[in-house]
Amino acid sequence: MSEKFQNKYRIPSARAAWWDYSADGIYFITICTQNREHYFGEIIKGKMQLSNIGVLADVLWHEIKHHARNIELGAFVVMPNHIHGILILNGNTPVETLHATSLQNANGKNEQMSMISPKQNSISTIIRSYKSAVVKHAHRLGCDFAWQSRFYDNIIRNQQSYNNVSNYIVNNPVNWQSDNFFQSL
């Protein structure tokens, strides 16, 4: 059963508990739209045709490198109801927390918050900022848009895996009909 936080049940994190997601590494990221709605466009003859929100998702992904430290972008694709991308963190020095919750007060509550707060320049904070930017700009343009609440990640550990994931991402539009996220309208 899920644990409680502030007397509410929480779904356990999908992140690997043994890994520091602000550490140097190569990460395969997948983020789905809410209810896997086709907000980003459609695949026509094996090529992605981006909608206005799809263009936002594409442009804002490429802006990540201007807003996060020590990051490179690998292969990336916008699909009708999700995105796939590779983020490469290189040169990060782990930081205690995103904000001042590491300062412990008399009853220790801030210590607990420090333990669960996202770390600065971690995969979680980078993805949260990206998702927020896409939603903000979509709503600013009057578009109804939402992401699913979480994202998927996979830590890429060797060159062969990196090559396989990169090829999967680049070829995803051509293979859309057999994609796990395929849903016809």
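In strand S7, Ile-88 is the bridge partner of Glu-72. S7 (residues 82-89) and S6 are joined by 6 bridges and run antiparallel. Two strands are said to pair if DSSP finds at least two bridges between them. Strands (E, at least two residues) and helices (H or I, at least four) are DSSP runs, numbered from the N terminus.

This is a predicted model, in which local features need pLDDT of at least 70 and side-chain atom pairs count only at pLDDT 80 or more, while totals for chains, interfaces and linings use all residues. Residues are numbered from 1 along each chain as its sequence is written, and side-chain values use heavy atoms, with hydrogens and water left out.

**The sheet and its helix**

An open sheet is formed by 4 strands in the order S6-S7-S3-S8, with antiparallel pairing. Its edge strands are S6 (71-78) and S8 (152-156), each of which pairs on one side only. From one strand to the next, the twist averages 15°. Helix H1 (residues 52-67) packs on this sheet and touches S3 (25-32), S6 and S7. The direction of H1 makes about 165° with that of S6. Such axes are lines fitted to C-alpha atoms, for helices over the stretch in contact, and angles run from 0 to 180 degrees between N-to-C directions. Contact means heavy atoms within 4.5 Å.

**A hairpin**

Strands S4 and S5 (residues 47-50) pair in the antiparallel sense over 4 bridges. In S5, Lys-47 is the bridge partner of Ile-44. The two strands S4 and S5 form a hairpin with 2 residues between them, and Lys-45 in the turn has a positive phi of about 50°.

**Aromatic pairs**

The structure holds 8 aromatic pairs. Rings of Phe, Tyr and Trp (its six-membered ring) pair if their centres lie within 6.5 Å; planes under 30 degrees apart count as stacked, over 60 as edge-to-face and the rest as tilted. Two tilted pairs are listed here.

| Pair | Distance between centres | Angle between planes |
|---|---|---|
| Phe-40 and Phe-145 | 5.6 Å | 45° |
| Tyr-130 and Trp-147 | 5.8 Å | 50° |

Phe-40 lies in the loop between S3 and S4 (41-44), and Phe-145 in the loop between helix H3 (123-140) and S8, so this pair ties together parts that are 105 residues apart in sequence. Tyr-130 in H3 and Trp-147 in the loop between H3 and S8 are 17 residues apart, and their pair links distant parts of the chain. Tyr-130 counts as buried because its relative accessibility is 3%, and Trp-147 counts as buried at 9%. Ring pairs link Tyr-39, Phe-40, Trp-61, Phe-76, Tyr-130, Phe-145 and Trp-147 into a cluster.

**A buried asparagine**

Asn-121 lies in the loop between helix H2 (109-116) and H3. With a relative accessible area of 8%, Asn-121 is buried. A polar atom of its side chain lies 2.7 Å from the backbone oxygen of Arg-69.

**The chain overall**

The chain has 4 helices and 8 strands, which follow the pattern β-β-β-β-β-α-β-β-α-α-β-α along the sequence. Of the 185 residues in the chain, 41% are buried. Among contacts with a separation of 6 or more, 67% are between residues 24 or more positions apart.

Methods
Buried < 20%, exposed > 50% of the residue type's maximum accessible area, 1.4 Å probe, protein only. Polar contact = N/O pair within 3.5 Å; in protein donor to acceptor, adjacent residues only side chain to side chain.
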